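Hi everyone, thanks for coming. Let me put the sequence and the model up on the screen, and then we'll walk through them together.

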Amino acid sequence: MARTTQPAPATTDRGFAATPAETRFGEVVWAVTRLALGFVFLWAFLDKLAGLGKSTPSERAWINGGSPTTGYLSNVEGPFSGFFSGMAGQAWADWLFMVGLLGIGVALILGIGMWVAAVSGSLLLTLMWLASLPIATNPFLDDHLVYGLVLLGLAATGAGLRYGLANWWRNLPLVRGNAWLR
């Protein structure tokens, strides 16, 4: 009697086949992660814009004449304090910071422009990490770097983009002609 062999099912990193339910669950988890990171950026924008009283009191809100970069950058004490202190309160730095927070937050929440959001978000987070050196709780790693890696991973894999406007966005003529806008 001849033996026939069945082709092995595709395996995951864990060494066994992922079920459709596991795949859907993973996509939902990554979509929620993308939304949560988007909300982190969007909330920071809204709080600094309107002084919602969490990190920014109303009297220091941007709409009330406050500077969104002054509080954080003027208190830098690490090896890059001179670099960051020079930016504190500068109009160009305030505008770049606020437009960055808003754009990154909206892009992540909607699931559009993921490469632009990931690269600019990772750059912003890396600068914030440099400003926070030396880190009090860990000799090297903190949440800024972890968030930056998650952003890059989301953009590189497209994980969770099914739950957003990514398909619509990627079919726009401008985006189809410029892959970096995806």
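**Overall shape and fold**

Let's start with the radius of gyration: the protein chain has 21 Å, whereas a compact globule of 182 residues would have one near 16 Å. That radius is taken over C-alpha atoms, and the globule rule is 2.2 Å times the number of residues to the power 0.38.

Before I go on, a word on where this comes from. This is a predicted model, where local features need pLDDT of at least 70, side-chain atom pairs count only at pLDDT 80 or more, and totals for chains, interfaces and linings use all residues. Residues are numbered from 1 along each chain as its sequence is written, and side-chain values use heavy atoms, with hydrogens and water left out.

Along the principal axes, the C-alpha atoms of the protein chain fill a box of roughly 85 × 45 × 30 Å. What is the secondary structure of the protein chain? It comes to eight helices and zero strands. Helices here are DSSP runs of H or I with at least four residues, strands are runs of E with at least two, and both are numbered from the N terminus.

Of the 182 residues in the protein chain, 32% count as buried. Buried means under 20% relative accessible area, exposed means over 50%, and partly exposed is in between, with a 1.4 Å probe and protein chains only. Among contacts between residues at least 6 apart in sequence, 59% join residues at least 24 apart; a contact means heavy atoms within 4.5 Å.

Now to helix H1, residues 20-50. Its 31 residues at 1.5 Å a residue should span 45 Å, and the end C-alpha atoms are 44 Å apart, which agrees. The expected span is 1.5 Å times one less than the number of residues. The buried residues of H1 include Arg34, Phe41, Asp47 and Lys48. What do the buried residues of H1 pack against? Helix H4 (91-110), helix H5 (114-131) and helix H6 (143-157). Just after H1, Gly51 takes a positive phi of about 60°.

H4 has 20 residues, which should span 28 Å at 1.5 Å a residue, and its end C-alpha atoms are 28 Å apart, in agreement. Among its buried residues are Asp94, Phe97, Met98 and Leu101. Those buried residues of H4 pack against H1, helix H3 (81-87), H5 and H6. Just after H4, Gly111 takes a positive phi of about 75°.

Let me point out two prolines. Pro68 sits in the loop between H1 and helix H2 (70-73). Is Pro68 buried or exposed? Pro68 is buried, because its relative accessible area is 10%. Leaving aside residues up to four places away in sequence, Pro68 touches Lys48, Trp62, Asp94, Phe97 and Met98. Pro68 and Trp43 are 25 residues apart in sequence and 13 Å apart in space, C-alpha to C-alpha.

The other proline is Pro134, in the loop between H5 and H6. A cis peptide bond joins Leu133 and Pro134, with omega at about -10°.

Finally, Ser120 is in helix H5. Ser120 counts as partly exposed because its relative accessible area is 29%. The C-alpha atoms of Ser120 and Pro68 are separated by 18 Å, and the two residues are 52 apart along the chain.
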